[in-house]
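Trainee: I would like to go through this structure and learn how to read its features. Please show it first.

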Amino acid sequence: MKELIDKVIDFKRRISAKAPLVHNITNYVVMNLTANVTLALGASPVMAHAEEEVEEMTGLASALVINIGTLSQHWIKAMYLACEVARRRNIPVVFDPVGAGATKLRTDVSRYILDYHSPTVLRGNSSEILAIVKEGSSTKGVDSIHTLTDVKTEAVDLAKKKEIIIAITGPEDFISDGQTSVLVKNGHPLLAKITGSGCSSTSVIGTFLAVARDKSEYLWATAAGLAYYGLAAEYAAREHNAPGSFGFSLIDWLFSLDEQQIGEGIRIEKA
Amino acid sequence: MKELIDKVIDFKRRISAKAPLVHNITNYVVMNLTANVTLALGASPVMAHAEEEVEEMTGLASALVINIGTLSQHWIKAMYLACEVARRRNIPVVFDPVGAGATKLRTDVSRYILDYHSPTVLRGNSSEILAIVKEGSSTKGVDSIHTLTDVKTEAVDLAKKKEIIIAITGPEDFISDGQTSVLVKNGHPLLAKITGSGCSSTSVIGTFLAVARDKSEYLWATAAGLAYYGLAAEYAAREHNAPGSFGFSLIDWLFSLDEQQIGEGIRIEKA
Amino acid sequence: MKELIDKVIDFKRRISAKAPLVHNITNYVVMNLTANVTLALGASPVMAHAEEEVEEMTGLASALVINIGTLSQHWIKAMYLACEVARRRNIPVVFDPVGAGATKLRTDVSRYILDYHSPTVLRGNSSEILAIVKEGSSTKGVDSIHTLTDVKTEAVDLAKKKEIIIAITGPEDFISDGQTSVLVKNGHPLLAKITGSGCSSTSVIGTFLAVARDKSEYLWATAAGLAYYGLAAEYAAREHNAPGSFGFSLIDWLFSLDEQQIGEGIRIEKA
């Protein structure tokens with residue numbers, strides 16, 4: 001546990017020191033929020049999606065965030081191009097299959113990215129992950145109607161088979177690479193009341209991946225990012241009990257948490 | 001009056017109980033805000049606009065919100081497809097003709113939607129509604145330069161002719177189905193100082209329509225939504241007198257208003 | 001100095017009195033923020049980018065803001081069409097070359113707009129301006145890696161050659177038309193921690209340009225806008241030391257600064 005807390009602190013220090021460029025190809029709804037989240041952590045977000053520039057931009061970045069929250073054909077093509085560059089250059093990629101299960105387009109694109117572009121991390125809610133692994137499973141728009149228990153086994157199997165990390169977020173976050181699994185117990189129910197809180201957690205993962213030294217750190221970077229994000233939410237919820245003010249306070253605390261607060265608050269456990 | 005207040009409380013309870021899915025095809029400027037507004041009310045927003053998925057998504061939803069604030073050809077096509085599904089499945093549709101009167105494209109698309117896709121509710125400011133009903137009337141960008149008096153008669157006629165509900169928002173909101181007309185006196189001038197406050201009121205209407213039991217409730221759902229929204233604005237303005245803080249506080253109060261506050265504050269009158 | 005302060009007050013009064021329409025063709029990330037910034041100043045923002053309506057919308061506006069933060073082909077075409085109308089009708093144009101230097105697309109489009117659409121004002125950070133004037137200079141995504149000293153001489157030369165105003169923002173803002181140069185010393189480091197703070201400063205310039213009486217006032221409108229914006233940031237930072245709350249407070253102060261606060265706080269110097 002102490003070791004895991006030290007990892008969170010170490011990753012956070014590296015983000016502040018390096019201010020890594022994080023390339024986001026994400027949805028219209030959350031672009032502003034996820035850019036602010038990334039900035040608050042000390043990194044440098046960039047959004048770019050034109051086919052003419054997307055490869056060049058990914059090539060400059062230390063991590064790539066792909067999010068299908070508001071999909072259309074040009075954006076899908078841009079995502080594939082960016083993923084291709086990321087793979088060639090060993091840039092870590094976190095993929096957020098927003099609404100997989102709600103429409104065939106989203107489920108199909110999610111599976112395609114998983115099969116052909118092998119992201120470093122797949123981050124979704126229980127329903128989205130289940131929709132990807134299981135034919136016929138559905139989602140209510142972009143919100144989860146399943147729990148971690150419904151999908152945990154399938155997720156571990158998928159992580160092992162695809163050699164990726166899967167992060168399932170919810171009341172508790174479950175992260176697994178198929179061998180090692182951890183639970184992140186930080187977080188707060190008000191997160192579910194602000195739009196893009198899941199998408200933001202994906203961008204946080206991307207930011208932490210951006211300072212991982214090699215593949216061996218990806219699992220811990222993912223868990224560390226989610227725990228840090230959840231802890232910031234806990235601090236925000238101490239001060240605010242409604243989503244408008246909670247939302248801006250979350251940004252404040254992502255920016256402000258100090259090492260003592262991290263040391264006292266992070267709750268990661270091996271699962 | 002007491003009866004109308006009870007309706008607001010009843011609709012709000014149903015939203016919390018059902019957490020209906022509300023499909024928004026809206027503009028880039030307000031997507032984040034209107035998603036947060038919808039979430040704050042207790043519903044589940046989803047944004048999707050790709051031709052490949054828009055029909056499937058509308059089919060899952062309990063209401064459809066169409067907003068032309070940042071229009072382009074692909075989006076127009078998606079709106080028409082979604083409206084078509086909504087009509088076939090009796091899903092209520094609220095249409096926001098943002099900037100009708102400012103450009104021919106917006107006026108034409110607005111009239112087309114009105115003529116061929118018969119939305120349940122048309123919600124606009126005085127200038128937008130006037131531009132739709134009257135050749136040669138114009139708007140200043142997306143802000144109103146007319147008052148309710150300029151358009152009230154035409155609006156009632158249009159509502160009757162098209163068999164739709166028209167909601168004209170402004171210092172007071174006027175809602176009519178051509179037979180019955182009501183005035184909502186809740187609201188606050190600071191709403192005009194935050195971008196997307198009109199678009200948000202449209203999404204609030206969509207959320208209230210989503211829990212209406214049948215057509216007979218649509219007029220009251222519309223009035224109830226606007227009154228609830230206006231009351232939240234009044235509470236926000238008690239605490240904040242500038243638009244940045246007022247804006248997040250509006251979300252807080254959309255989330256937090258309790259039944260006593262509704263009972264004391266709602267001001268709906270038959271017009 | 002006193003004279004410059006009076007100019008800020010005078011421009012601000014005109015914005016409140018005229019509530020000019022400011023047409024923005026900008027990026028997805030900042031649309032909501034820049035619309036709110038423009039509204040807070042007392043003006044009326046409109047966003048429109050469809051080829052079918054963009055010329056009509058620009059024709060209605062008192063200023064045009066062009067920002068390439070999330071570029072794609074349809075948007076580029078819309079920008080060129082809008083610039084064309086603005087030039088024909090003598091509507092001032094402020095251009096923000098977001099991320100010029102990061103990708104060839106952004107650098108090329110920026111140079112094209114500069115060469116063929118002669119904006120009234122070019123506003124960027126040091127790296128962006130340097131990338132435009134100097135082959136092979138680069139940017140880290142959308143954040144600056146150069147300082148004013150690296151680019152000042154080239155900027156003055158470019159302003160003279162192209163007969164435009166160049167505004168380079170950073171810890172101090174430098175504004176030059178090639179003949180007269182001024183420094184704006186208002187501002188706060190927290191601006192760099194919120195996404196779109198540069199884009200917002202561009203929209204502020206657009207709003208001030210919208211009330212300039214003729215070409216002779218464009219330089220002072222630019223400096224006045226940046227100084228007012230920086231002063232609002234200073235007031236926001238007195239109350240908040242983290243980016244989430246600082247961001248909404250910035251909007252509050254853009255709305256609320258009174259003439260005494262302007263009189264005491266504006267720091268513009270001839271450079």
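Trainee: How many of the residues of helix α6 of chain C are buried?

Mentor: A residue is buried if 20 or more other C-beta atoms, placed from the backbone, lie within 10 Å of its own; with 12 or fewer it is exposed, and in between partly exposed. Helices (H or I, at least four residues) and strands (E, at least two) are DSSP runs, numbered from the N terminus. In α6 of chain C (residues 126-133), seven of the eight residues are buried, so the helix is largely enclosed by the rest of the structure. The buried residues are C:Ser126, C:Ser127, C:Glu128, C:Ile129, C:Leu130, C:Ala131 and C:Ile132.

Trainee: Which elements do the buried residues of α6(C) pack against?

Mentor: They pack against α5 (104-116), β5 (121-124), α7 (148-162) and β6 (165-168), which belong to chain C.

Trainee: What should I know about the model and its labels?

Mentor: The model is predicted: local features need pLDDT of at least 70, side-chain atom pairs count only at pLDDT 80 or more, and totals for chains, interfaces and linings use all residues. Residues are numbered from 1 along each chain as its sequence is written, and chains are lettered from A and ligands numbered from 1 in the order in which they are written.

Trainee: How many residues of chain B are in contact with chain A?

Mentor: Two residues are in contact if their C-beta atoms, placed from the backbone, lie within 7 Å. By that rule, 28 residues of chain B are in contact with 27 residues of chain A. On the chain B side, α2 (31-41), β2 (44-47), α3 (54-60) and α10 (243-256) each supply at least two residues. The largest share, seven residues, comes from α10(B).

Trainee: Why do the copies meet through different surfaces?

Mentor: Only 11% of the interface residues of chain B are also interface residues in chain A, so the surfaces differ.

Trainee: Where does A:Ala19 lie?

Mentor: A:Ala19 is in the loop between α1 (2-18) and β1 (21-25) of chain A. Its phi is near 45 degrees, a positive value in a residue other than glycine.
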